[in-house]
Amino acid sequence: MQALWMVLASLLFASMGVCVKIASAWFSSSELVFYRGMVGIVFLAAIARSRGVSLATKYPGMHAWRSTVGVLSLGAWFYAIAHMPLATAMTLNYMSSIWIAVFLVGGALLAWVPVPGRDGSLPKPPLQGPLVLAVIASFCGVVMVLKPTVGDNQGFAGLMGLMSGLTAAFAYMQVVALSRLGEPETRTVFYFAVGSAVVGLAAALTTGFSAWNWMHAIWLLPVGVLASLGQLCMTRAYASAKTEGGTLTVANLQYSGIVFSGIFSVLVFGDRIDGAGWAGMALIVASGIAATVLRQRSLPKAPAEEH
């Protein structure tokens, strides 16, 4: 069931991306984060009440950290969606597994480099050669994706897309940690919605709110609802993965979101991505899956799977 939950979550997130891209014509990224959070608070509070789930938590600090990194990822992702083809923005956001692999490879290299005073008798950690190759392949895919689809004024949006994937890696780690502590997915996603509303409001007050139009604002409702449903399904997928193999399956199936977004990007927005762009996306997906598998085999207690 965890596989089905993740595929459904990926479809919901891709659908939310469609609504975000449409709404970005009238609202800034900070406004979208704020309204997404407000809709999510109401929607999730109603779900929690209907299920009899208390919103009180014993781990406020962990929820605060999850909300912080999650909101940073969300804001960067919304900005990328607004200024880039949907498929490109989604692909960059789904690089969280690659970023985790980068952290692990970097840690292994730091532990391997000789340091004066370090006990020379300690065994040297493996350099994770195949994992390094997977990381290199992924960034080659990024170059292939961005080169054909990034316009003259989309360079910053590309960086925001990459940052959204980087911070999403930390958010996923915390999602797994909270689920292992027994936190209900409704509570976890509710506090993320609260964080989104607070940070989004602060940013929107700084940059200013757009003129309100009910015909435009109607798109804000599906943004919040689809995002909340996607978060619930994703959290349920990770919480249902009781074994390392199950978690591995869940982590890899998140890439189905790239397929959904690619279909939406072409059919809904008429985006044109040439062969090199599609090949780059496929390379990112393949290297992301390979990095997840290699990380699990070589470092079974990697943060993404254990915490």
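This is a predicted model: local features need pLDDT of at least 70, side-chain atom pairs count only at pLDDT 80 or more; totals for chains, interfaces and linings use all residues.
Local features require pLDDT of at least 70, side-chain atom pairs count only at pLDDT 80 or more, and totals for chains, interfaces and linings use all residues. Residues are numbered from 1 along each chain as its sequence is written, and side-chain values use heavy atoms, with hydrogens and water left out.

Helices are DSSP runs (H or I, at least four residues) numbered from the N terminus. Helix H1 (residues 2-23) packs against helix H12 (residues 256-267) at an angle of about 35 degrees, and their axes are 8 Å apart. The axes are lines fitted to C-alpha atoms over the stretch in contact, and angles run from 0 to 180 degrees between N-to-C directions. In H1, the residues Val7, Ser10, Leu11, Ala14, Ser15 and Val18 meet Ser256, Gly257, Phe260, Ser261 and Phe264 of H12, where contact means heavy atoms within 4.5 Å.

Helix H2 (residues 29-51) has 23 residues and reaches 32 Å from its first C-alpha to its last, close to the 33 Å expected at 1.5 Å a residue; the expected span is 1.5 Å times one less than the number of residues. Just after H2, Gly52 takes a positive phi of about 70 degrees.

Eleven aromatic pairs are found in the whole structure. Rings of Phe, Tyr and Trp (its six-membered ring) pair if their centres lie within 6.5 Å; planes under 30 degrees apart count as stacked, over 60 as edge-to-face and the rest as tilted. One of the pairs, Phe34 with Tyr35, is tilted, at 5.1 Å centre to centre and 55 degrees between the planes. Phe34 and Tyr35 are both buried (under 20% relative accessible area, 1.4 Å probe, protein chains only).

Definitions and conventions: Helices (H or I, at least four residues) and strands (E, at least two) are DSSP runs, numbered from the N terminus. Buried means under 20% relative accessible area, exposed over 50%, partly exposed in between (1.4 Å probe, protein chains only).
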